[in-house]
Amino acid sequence: MTSWKLRTRSATASPSNARTQTKRRKIQEQDEFQCVEGEFPSPRVQSALMLHAIRQPYELSTDHEVPVVQHNHELLLKVNAVGLNPIDWKGPDYNFGIPTFPFISGREMVGTVIEAAKARNSRIHKGDIVIVPSTDYRDFRKAVFQQYSIASTFNTIRLPQNTPVNSGSILGVAFVSAVLALGICMGVSFGSIESGPDLLDIVRNIDPETLPSDIRQECLKGVEESERAKAGDWVIIWGGSSTCAHVTKQLARLAGLRIISVADSAKHGLRLSSTSEIRPDLLVDSHNPERAVEIIKAATSDGARFGFDTQGKETAGYLLRSLHSFNSPMSALADSSVKGPRHKESKLPTPPATPLENISRAPRSHLVGLTGLPKTDIPEGVSLHSVPIKLFHEIPEVGEALCAWCERLLVKGLLVPPDVVGIVDGLEGINGGLDRMRRREVRGGRLVAVLP
Ligand SMILES: NC(=O)c1ccc[n+]([C@@H]2O[C@H](COP(=O)([O-])OP(=O)(O)OC[C@H]3O[C@@H](n4cnc5c(N)ncnc54)[C@H](OP(=O)(O)O)[C@@H]3O)[C@@H](O)[C@H]2O)c1
């Protein structure tokens with residue numbers, strides 16, 4: 001029989017020496033996060049949702065083995081609430097991201113730590129209630145469509161007192177996607193925001209061999225130092241109503257970027273323009289994409305160099321045309337200074353053109369696609385990016401920096417989770433929830449499966 005009760009901690013100890021002060025600081029910090037205390041059973045078998053073949057519903061197994069901790073940095077968690085993601089239905093429908101059958105899905109949750117990590121000095125302790133973005137889909141122990149799940153400490157975010165469990169369960173994937181898109185693909189440094197990470201600095205100062213080979217180029221060369229997005233730059237978010245856009249807009253705003261959000265105004269206009277934390281500088285209706293491109297170009301006459309698409313290849317194509325490129329009219333002037341005089345018929349004497357190698361290259365634009373990128377008609381001077389999501393679980397320095405920063409943002413109220421737009425009951429309710437997502441009935445937030 002389990003007896004869990006909210007842990008209350010007193011911070012009344014007198015700071016008579018440095019050690020007491022450190023201890024007191026730790027107690028105060030702990031008081032900002034949710035935890036429970038008691039004895040935690042860890043049964044041998046559990047319920048899990050299994051996918052046995054593509055285009056099939058998940059099936060409930062009641063005698064699946066509880067996953068086992070394999071490394072000192074791993075925790076065992078009891079799953080409390082699961083956020084449902086598009087990939088949970090797209091994976092089975094399109095046979096995407098499923099390494100083997102039977103497969104266990106589920107990419108984010110809030111859970112209770114029932115077995116702490118063996119590694120010392122971890123932020124995370126037994127009894128802590130934590131958010132886990134489970135990006136490591138190849139390791140089924142870490143999937144969250146099951147009652148118990150494994151997570152690495154550096155992929156675990158303590159849930160602050162001010163954040164409800166269900167809201168925490170839908171924040172993680174969007175947060176990781178947003179930070180990596182802005183921080184790696186666009187080069188935003190979050191150093192001045194609650195001591196956030198400068199991700200380019202982190203990945204460019206570790207042994208390059210430790211970076212997974214398929215994302216090494218993106219990490220090391222994706223954006224040049226001189227091209228990094230900084231306060232005042234425009235970022236255009238196409239698919240501005242999505243959960244990932246919800247978090248990206250907040251982080252971009254904290255970094256001082258100017259935001260254009262392209263979304264279906266009939267469906268989302270009022271919510272997006274009246275919710276202070278996600279209100280863009282300019283909301284553009286997506287109904288007529290050609291017109292949307294014109295509006296964006298007119299609004300960003302100084303040139304927008306950063307784009308984030310959350311919808312797909314086609315919208316990413318429109319976004320591409322909205323960005324500043326070396327072929328666009330506004331760069332013609334700059335080109336003439338690079339290539340020398342254009343009008344051969346001019347009689348005016350001109351000095352010889354400066355050799356190209358002596359002129360620093362103009363900064364490129366950067367387009368990040370969450371779910372597809374254009375393959376043709378890529379203008380000169382625009383670089384295309386996919387989010388290197390595996391950095392989060394494969395590089396502990398990156399995972400830890402993201403998770404510790406997320407805790408600080410939540411505690412300070414600088415990051416507001418997306419809206420919970422519906423609840424389903426337990427693992428048994430997940431197939432029904434995913435069917436609603438397939439039918440496009442879920443918008444403006446996420447569904448949550450609440451487990452007993
Ligand atoms: N590459 C990565 O690492 C990565 C990471 C995270 C997400 N993703 C992908 O990025 C995309 C956005 O993710 P998200 O979690 O932000 O999305 P989301 O919030 O779940 O949904 C975004 C929007 O998609 C539309 N939508 C919903 N159901 C749909 C359906 N059945 N068919 C067509 N459109 C539908 C809705 O727009 P309306 O309300 O206008 O209908 C919804 O607001 C997804 O495709 C996701 O799989 C990729």
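Colleague: What makes aspartate 264 a cap for the N-terminal end of helix 8?

Modeller: A side-chain oxygen of aspartate 264 lies 3.0 Å from the backbone nitrogen of alanine 266. A polar contact is a pair of N or O atoms within 3.5 Å; within protein, one must be able to donate a hydrogen and the other to accept it, and residues adjacent in sequence count only if both atoms are side-chain atoms. Helices are DSSP runs of H or I with at least four residues, strands are E runs of at least two, and both are numbered from the N terminus.

Colleague: What kind of model is this, and how are residues numbered?

Modeller: This is a predicted model, where local features need pLDDT of at least 70, side-chain atom pairs count only at pLDDT 80 or more, and totals for chains, interfaces and linings use all residues. Residues are numbered from 1 along each chain as its sequence is written, and side-chain values use heavy atoms, without hydrogens and water.

Colleague: Which residues of helix 8 are buried?

Modeller: They are His268, Gly269 and Leu272. Buried means under 20% relative accessible area, exposed over 50%, partly exposed in between (1.4 Å probe, protein chains only).

Colleague: How do you know that the buried residues line one face of helix 8?

Modeller: Look down the helix axis. The buried residues fall within an arc of 130°, so they line one face. That arc is taken from the directions from the helix axis to the C-beta atoms. Ala266 and Leu270 are exposed, on the face turned away from the buried side.

Colleague: Why is cysteine 185 called buried?

Modeller: Its relative accessibility is 0%, so cysteine 185 counts as buried. Cysteine 35, at 5%, counts as buried too.

Colleague: How many aromatic pairs are there?

Modeller: The count comes to 5. Rings of Phe, Tyr and Trp (its six-membered ring) pair if their centres lie within 6.5 Å; planes under 30 degrees apart count as stacked, over 60 as edge-to-face and the rest as tilted.

Colleague: What makes the pair of tyrosine 58 and phenylalanine 145 edge-to-face?

Modeller: The planes are at 85°, and the centres are 5.5 Å apart. The pair ties together parts that are 87 residues apart in sequence.

Colleague: Why is phenylalanine 145 called buried?

Modeller: Its relative accessible area is 0%, so phenylalanine 145 is buried.
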